[in-house]
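Subject: Handing over a structure, with notes on what was found

Dear colleague,

I am passing a structure on to you, and the notes below it are meant to be read with the picture open beside them.

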Amino acid sequence: MSTTPLKLYQVGTFAAGNRLLDPDERTVQSSTQRASSITSGHRACRGCGEALAARVVMDAAMRAAGGRLVTVNATGCLEVFSTPFPESAWQVPWLHSLFGNAAAVASGVAAAMRATGRDDVRVLAQAGDGGTVDIGLGCLSGMFERNDDVLFVCYDNQGYMNTGVQRSGATPAGASTANTRPMGAGIGNAFGTGKSLPRIAMAHEIPYVATATIADLHDLEAKVEAAMALHGARYLHVLVPCPLGWGSDPSDTVRVARLATQSGLFPVFEAEHGTVTRVARIRRRVPVEEYLRLQARFRHLFGEPGRPDVVAALQAQADRDIARFGLDPEEES
Amino acid sequence: MKLDVRIHGRGGQGVVTAAELLSVAAFEQGLHAQALPSFGSERTGAPVTASCRISDLPIRSHDPISQPDLLVVQDLTLLRDPVVMAGLPEDGTVVVNTNRDLADLVHGGLVVGPAQRWVTIPANDLSRQLLGRPVPNTALVGAVAGMTDLLSPEAVATAIRRRFAGLGEEIAEANVRLAEQARDLVMTTTAGGDVRC
Amino acid sequence: MLRQVEGSRAVAETVARCRPHVVAAYPISPQTHIVEALSELVGSGDLTACEYLTVESEFGALSACIGASAAGARAYTATASQGILFMAEALPNASGLGLPMVMTVANRALGAPINIWNDHSDALSQRDAGWLMLFASSNQEAVDLHVQAFALAERLSLPVMVCMDGFVLTHAVEEIDVPGQDEVDAFLPPFRARQWLDPDEPVTIGAMVGPEAFTEVKYLMAHRQLRALDDVSQVARDFAAAFGRDSGGLLRPYRTADADVVVVALGSVLGSLADVVDELRDEGLAVGALGVTCYRPWPLDEVRRALREVPRVVVLNRAFAVGSGSILGQDVRLSVPAATKVHDVVLGLGGRPLTHDVLRRLVLDVVAGQVGSDTLTFYDLDHQRVATELARELADVPSAGGAS
């Protein structure tokens, strides 16, 4: 019988499957007893950040719910790659209705469970950034404001990847997408004012809001657990790199996610009832350029002549958020 | 037997409630009835119309009343609008909320058909005395009951008590007395014979 | 018990007696009195084990019902006009997923121009959404149809729309027998979903279906819709046996036997039509009326049978397809022999009253040959006003060279 030597790339990371850790510090994913809410064999692209995040989120939620979990899924990559009829990757009760209504459908499921005396069944809604920050925002805001007992998870890959990589309200400035190509003097996606759904969620003063990335699966699981320990409307925003849409190497998915946090472009924090309660400080701060350079969607910002002004503006955004959330490693004593 | 009543008033005067009260009183009396508000996006003070059909046969139609047997005018100023009098037959009946008497109105230019029955009733004044504010609808319902022999005071009282149950007994009973006063007043006036011109 | 009560209130009480688990409410005239009354019934404890969700839009309302129904709960909502259009994306979703639920549509015109009054443009615009569509001819029937609608929805695992004329029925106060709780409980068994989001037996609902199976799925949907015709009839018969009155079913013929002219219509105008039919029959005219209670699925065979011997059919359209023609009239044309004269008439749009006089004149004009049978006739049109406006528009046409 042949053996597979342990791959040392896991050492020193908190990534899935790190068997060098003590059992109680391992991720749910490293356990052979994990729920496997999403089975293998689905049709996600290689290196898909969303597939990884959804698996970790669902398994953690299943564990927290004691297996009594129902999930509602907005239209999007996750929905499409997991349920090509007659196949389904879902081992949990799963409902897909439309693109923009996952929050309202989940509210209905939660109401149904309450009204029929099955309060033990927990409800988790999932959507991409389009289904969350754009077309789904009305329903989501309603779910927040009513404080319906739903955990809503946004897998943010910063664009409409399922339809061929168009911009969404979550696409960063300067990114080239299928409908924001840098033509002529254009920079790609224009600088707007941006839309921070976590902060919009916080403005609803719901019990729990958190952000996470697939670069730190322990943190992601801990946040799912924290959210599942509470009732009412909860929101988890997970950054999930998309190799297809971002033009990053599939093997770099976790790395790109980590650089998003370490550059300050994606602040990782938790908030309760509208107030930030905990932030993940940056361990080794990097310039945004290090993050941007790994992605073809920002390629036009570099080289000759490049757009150092745009890179500087993005750096300013990162600096602003580092200050706003207190992410600076220097401040750690 | 049938009586088609159309009520004209202004938003806030309880026009729709008046039609409902008439219909409930008729129902209590063992008759068939239907109250139909002609709702718009009217705000307080805007002209509002409601209809009430009363019949000893089941009522099938749901169209607004275009040829009323009896008109209730809750606000004298509405008489300037030709829509208010539209469809009233030559022998129709009109109940007007005003503290002026009919001769005064005719003197002021009101045209009254020779076979029509008109009665004026100071419903706002009566309401002010009993309720402390001018809400003329229950008084006018009482007046309509007095002008016709269809609705007993008991049926009107039952309708009012049911409708105003949520506002407390005091208000409900004050409205019952208001309707009864108006009814008595109209019947006295009618007996005096000065409503027919 | 027979009571003098507002149509909306009676419908709300009836819905409450059907024991919905989830009621999703968003205000739009003229439907609001129904959901207001339901909030009272939940608040007062008359309706228990019910979650009353005040959602942020009609799209949210129907979506919440989709979630609730998929979770095995009895779901209800109500809407009208722009509201049903705002739901439009979710309507075929509910039917496509085979989720039973009941929705009241308090029929109202569609804008622009904005108009809050009654016609059938709202419901008919969604006629192909895969919902059963039942039209109430009176408030009593509206009440009864709601009880039947829950039974039908759950028997077929399909959503059902109960259409009642906005204001004309919803705001009318009249004598209505609101079924008692025991009666409804005996008629309507507790909801048992065909499939639901059960953690013990996980199902995937709403998977993507490609070209290899999509046609078959749609065919099966259509098949179930057509089968529903039998169920609509059966549930109406069961209802008559249990409640002692005729309500619902496919069609509501009135004195159509030996009629030379039959007027086909949806909704509350049937009452006034019956009065007109009686009057004209007394005057020696062989006139009848045919109410279509079940508009979707379309009872083709039954309409065909009802109108087979009728030489002249008048279709009273309270909505039309802009740039094409009538809607109800097209369904009727498909159901009558080619020789039948179908007088397709639009009237009563946006709250223009369908009075006894208008209806009487319409029938007399048809009999006198003054209403065509080859084009759509706008019967209660103010021709003078239209002619003036058309003349003005023609005068305003810019010259061929455009602006110079």
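Let me begin with strand β1 (residues 2–10) of chain B, which is largely enclosed by the rest of the structure, because seven of its nine residues are buried. Here, buried means under 20% relative accessible area, exposed means over 50%, and partly exposed lies in between, with a 1.4 Å probe and protein chains only. Strands (E, at least two residues) and helices (H or I, at least four residues) are DSSP runs, numbered from the N terminus.

Before going further, please keep in mind that this is a predicted model, in which local features need pLDDT of at least 70 and side-chain atom pairs count only at pLDDT 80 or more, while totals for chains, interfaces and linings use all residues. Residues are numbered from 1 along each chain as its sequence is written, chains are lettered from A and ligands numbered from 1 in the order in which they are written, and side-chain values use heavy atoms, with hydrogens and water left out.

Which strands pair with β1(B)? One partner is strand β3 (residues 47–55) of chain B, which pairs with β1(B) in the antiparallel sense over nine bridges, and there B:L3 stands opposite B:I54. Another is strand β4 (residues 70–73) of chain B, which runs parallel to β1(B) and is joined to it by four bridges, with B:L71 as the bridge partner of B:R6. Two strands are said to pair if DSSP finds at least two bridges between them.

Turning to chain A, you will find eleven helices and eight strands there. Its radius of gyration is 19 Å, close to the 20 Å that the globule rule gives for 333 residues, so chain A is as compact as a globular protein of that length. That radius is taken over C-alpha atoms, and the globule rule is 2.2 Å times the number of residues to the power 0.38. Of the 333 residues of chain A, 56% count as buried, and the C-alpha atoms fill a box of roughly 65 × 55 × 50 Å along the principal axes. The unreviewed UniProt entry places the feature "domain: Thiamine pyrophosphate enzyme TPP-binding" at residues 75–238 of chain A; UniProt positions are given in the numbering used here, feature names are shortened, and annotations may be inferred rather than shown by experiment. Over residues 75–238 of chain A, the span is 34% helix and 16% strand, and its end C-alpha atoms lie 17 Å apart.

An open sheet of nine strands, with mixed pairing, runs in the order β8(A)-β7(A)-β5(A)-β6(A)-β4(A)-β3(A)-β1(A)-β2(A)-β9(C). Its edge strands, each pairing on one side only, are β8 (275–279) of chain A and β9 (204–205) of chain C. Within chain A, strand β3 (residues 122–128) and strand β4 (residues 151–156) run parallel and are joined by five bridges, where A:A127 has A:C154 as its bridge partner.

Chain C holds 14 helices and 18 strands, and buried residues make up 58% of its 404 residues. Its radius of gyration is 22 Å, which agrees with the value near 22 Å that a compact globule of 404 residues would have. Seven strands of chain C form an open sheet with mixed pairing, in the order β3-β2-β4-β5-β7-β6-β13. The edge strands, each of which pairs on one side only, are β3 (51–54) and β13 (294–296) of chain C. In chain C, strand β6 (residues 132–135) runs parallel to strand β7 (residues 159–165), with four bridges between them, and C:L134 has C:V162 as its bridge partner.

One residue of chain C to look up is C:H343, found in strand β17 (residues 341–346) of chain C. Is C:H343 buried or exposed? At 1% relative accessibility, it counts as buried. Leaving aside residues up to four places away in sequence, C:H343 touches several others, including C:R312, C:V314 and C:G372.

Finally, which chains meet? Of the two pairs of chains in contact (heavy atoms within 4.5 Å), chains A and C share the most contacts, whereas no contact joins chain A and chain B, whose closest C-alpha atoms lie 27 Å apart.

With best wishes
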